[in-house]
Amino acid sequence: IDSRLIEETQALTPKDVSGLMPNVYMPEYGSAMTGSIYIRGLGSRINEPVMGLVVDGVPLLDKNMYDHTMQDVKRIELLCGPQGSLYGRNSPAGVMEIRTVQPLDLTSQLVRGAVSYATANQAHAQASVYRPESTVFGWGVAMHYRRTDGFYTNLYDGRRVDCGQQAGGRLVLDGRPVDQWRVTGTVYADWVKQGAFPYASVATGLIDYNRPGSYERLAVLPSLRAHYASNGYKLQLAASYQFLYDDMHMDQDYTRADIFTLRQNQCQHNGTLDAMLSGWLDIGERHNTGQKPSRVAEYEWQVGVSSFVKTNAMQAPVTLLRPGLDELILGNASRGIQTVFPDVSSGISNSTLPIPSSFDLLNAGVAVYHQSHVHLGNWHINAGVRIDYEHARMDYLSTADLNYRFTMVMDDFEAVHTKISGTRKAHYLQVLPRLAVSYDASWGTVYGYAAKGYKAGGYNPQIFSTITQNQVMTDMAAAMGMHLDMADERFSDVSITAYKPESDWTFELGAQLKPVEGLKIDVDVFHIQCFDQQVTVFPNGKTTGRMMANAARSRIWGAEATLHYRWLHGNWQGIVDASYGFTDARFIDFNDGMGDYSGNFIPYAPRYTAHALAQVGYRVGRKWLHAVSLSARVNVLGPICWNEQNDCTQAPYALLGAGLTLKWKYAQIELWGRNLTGTQYDVFYFRSMGNDFLQRGKPRELGATVRFEI
């Protein structure tokens with residue numbers, strides 16, 4: 001996806017371009033923290049992603065950073081299928097690489113900017129300057145700002161739920177001190193403050209809850225990259241420090257009832273360090289006629305070392321309000337105790353029950369990898385292997401203080417103090433092979449490959465509120481010398497916070513065709529076997545947490561086709577860009593203790609995706625108008641099963657967009673629209689406290705953008 005297509009679709013974030021790619025679904029819901037990604041049936045609502053995101057050679061370690069504003073992007077490339085042999089963890093479905101403008105790639109100064117305004121008082125402004133001072137040094141500065149009044153109204157207070165603003169920028173210093181070396185330093189910053197979680201009740205179709213939701217994030221990412229090339233060798237070095245602080249407030253029951261709320265804040269200090277050495281060797285044969293050697297084969301190789309460390313100091317206090325205390329603690333405990341003492345009455349004097357929980361999370365790893373590429377005439381053979389070692393650790397502390405009374409044995413309220421603390425550790429070792437074979441011809445390339453990828457394991461703190469609540473009830477019963485049977489004993493043990501890596505094998509056959517000039521066609525078919533699949537599991541009854549478990553095995557097969565055509569005829573020019581993806585993703589084995597879902601479709605992954613864009617432009621060649629272009633596009637998606645039972649689905653839907661662009665020498669004006677037909681559709685569904693909720697997709701949007709470039 002090049003910069004022209006990015007501008008044509010008014011894309012500002014990686015989520016905005018996901019619809020251009022077959023079998024890729026990156027829904028925009030909840031908040032900018034939500035980075036759920038589904039590719040070829042693989043994906044997850046929480047924890048680790050199935051797609052890596054790399055910006056200018058630097059991998060982003062946390063998916064909370066994925067929803068950022070893109071600026072001055074030259075191109076975006078999605079590498080589909082497992083990329084484990086080069087990229088390692090969290091790339092079992094692919095890697096998205098974003099390449100931005102670099103000062104020393106320019107021959108002269110570049111000044112550009114854009115201002116846009118759209119429905120819901122959406123405003124966006126950005127400006128940048130890139131200047132190569134000489135052949136040995138250049139610099140660049142870029143800034144951006146976005147704001148919106150939001151689209152979704154909370155009936156409770158009449159306010160928009162999703163209003164917010166976002167700002168950021170970057171500084172680039174680019175140097176070539178000697179011919180062989182190039183060193184680039186970048187500092188990127190992004191700040192978000194927004195309302196969040198516009199979740200509506202399925203029963204009423206209304207957003208109606210009494211505790212506001214919000215999300216705020218600050219991310220700062222300085223990085224340093226160095227590249228050395230000489231005598232057939234290349235050395236690439238990259239280091240980054242990634243700071244992230246975010247703060248989230250959530251009404252977790254999403255109703256007017258005061259059941260419970262959550263505040264979660266994270267402070268992450270992350271770092272990456274990578275080194276890769278590559279080289280190539282030409283093998284030639286000398287003809288008897290004395291001619292120069294002619295190349296008949298070429299061998300390329302890469303070896304590398306990659307390392308990372310990710311630390312997260314997380315605070316996640318849950319507060320049970322009085323109705324929540326009565327329902328979740330007092331009600332559940334009383335039902336258990338009254339099975340033994342039917343006439344006992346009980347009470348709690350607390351007006352609220354804060355459950356402060358703190359976690360120190362650590363993930364650190366190191367990997368070595370090698371890849372060989374042999375070019376024999378028209379044949380290419382690529383083989384690689386990577387060995388990944390990762391250490392995961394969680395230090396946890398969760399407490400609760402409750403005043404309770406049982407009339408049979410207690411004259412007054414007594415205090416019970418619950419404390420859960422400790423450390424969990426795990427070590428993982430992954431071997432990730434890859435083998436690919438391709439054949440080049442004048443009309444294109446055919447290829448096939450087999451590769452293994454994996455999604456990292458670790459610990460999930462989001463179930464801790466349920467564990468602590470169960471322990472509070474257990475402690476209350478223990479004070480009376482009783483044992484309290486839980487509805488599901490699994491959710492009383494800290495060990496359920498752990499989950500293992502998910503791994504998959506992908507087998508793919510495809511072709512990249514170039515039948516005529518300007519036309520590119522890609523087709524492929526694939527089969528995926530997924531093992532130890534990470535799925536979200538909820539406890540029985542009305543509970544507050546969710547567990548990540550290796551509960552399933554699945555199989556996926558599908559096909560994809562993309563077409564890209566550029567043409568130029570006199571003063572006329574145009575673009576046609578289209579894609580189609582089909583995925584049949586089903587569980588082979590999945591029983592979460594409440595039901596057997598073997599054979600059912602994997603939730604949240606669309607069965608098929610389709611995209612088509614057509615643009616035609618005419619070069620007027622006048623001072624009053626240089627060129628004009630018209631475009632139309634459509635995205636089709638669905639169906640999507642929202643749950644494991646497959647009894648709740650989003651039907652297929654289509655979103656229509658269009659644009660008109662007027663161009664001058666240094667500026668252009670774009671008039672554009674998205675979802676022009678006002679299609680109603682849902683992008684997310686979940687259950688909480690026994691109730692069903694969803695988020696609607698964005699309604700019709702109309703906007704205008706002014707761009708300039710000097």
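The model is predicted, so local features are reported at pLDDT of at least 70 and side-chain atom pairs at pLDDT 80 or more, whereas totals for chains, interfaces and linings take in all residues. Residues are numbered from 1 along each chain as its sequence is written, and side-chain values rest on heavy atoms, with hydrogens and water left out.

Along the principal axes, the C-alpha atoms fill a box of roughly 105 × 60 × 50 Å. The accessible surface is about 30,400 Å², and 57% of that surface belongs to carbon and sulfur atoms; these areas come from the Shrake-Rupley method with a 1.4 Å probe, and for residues only the protein chains shown count as cover. Of the 710 residues, 53% are buried, where buried means under 20% relative accessible area, exposed over 50%, and partly exposed in between (1.4 Å probe, protein chains only).

The largest nonpolar core holds 114 residues, and Ile 76, Met 96, Ile 329 and Leu 402 touch the most other members. Such a core is a set of buried Ala, Val, Leu, Ile, Met, Phe, Trp, Tyr and Cys residues joined through side-chain atoms within 4.5 Å. Strand β24 (residues 379-406) supplies the largest share of this core, seven residues. Beyond its neighbours within four places in sequence, Met 96 has contacts that include Pro 14, Val 17, Met 21, Met 26, Ile 76 and Leu 78.

Strand β24 also has several pairing partners, and two strands count as paired if DSSP finds at least two bridges between them. Strand β23 (residues 357-376) runs antiparallel to β24 and is joined to it by 20 bridges, with Tyr 369 and Arg 386 as bridge partners. These two strands form a hairpin with two residues between them, and Gly 377 in the turn has a positive phi of about 60°. Between β24 and strand β25 (residues 414-441) there are 26 bridges, again in the antiparallel sense; Glu 390 stands opposite Tyr 428 of β25. Strand β21 (residues 346-348) is antiparallel to β24 as well, through three bridges, and Ser 346 faces Phe 406 of β24.

Elsewhere, an open sheet of three strands has the order β15-β40-β39, with antiparallel pairing. Its edge strands, β15 (200-201) and β39 (682-688), each pair on one side only. Six bridges connect β39 with strand β40 (residues 691-696), and Phe 684 is opposite Gln 695 of β40.

Some individual residues deserve a look. Arg 40, in the loop between β2 (37-39) and β3 (42-44), has a positive phi near 55° although it is not glycine, and it is buried at 2% relative accessible area. Asp 56 lies in the loop between β4 (51-55) and β5 (58-59); its phi is also positive, near 50°, and at 8% relative accessibility it counts as buried. A cis peptide bond links Gly 638 to Pro 639, with omega about -10°, and Pro 639 sits in the loop between β34 (627-638) and β35 (640-641). Ala 219, in strand β16 (residues 214-230), is buried with a relative accessible area of 5%. Its contacts, apart from residues up to four places away in sequence, include Met 65, Tyr 188 and Phe 243.

Finally, the cysteines. With a disulfide taken as a pair of cysteine sulfur atoms within 2.5 Å, the count is zero. The sulfur of Cys 530 is 16 Å from the closest cysteine sulfur, that of Cys 80, which is too far for a bond. Cys 648 is likewise in no disulfide, its nearest cysteine sulfur being that of Cys 641, 9.0 Å away.

How values were computed:
Helices (H or I, at least four residues) and strands (E, at least two) are DSSP runs, numbered from the N terminus. Contact means heavy atoms within 4.5 Å.
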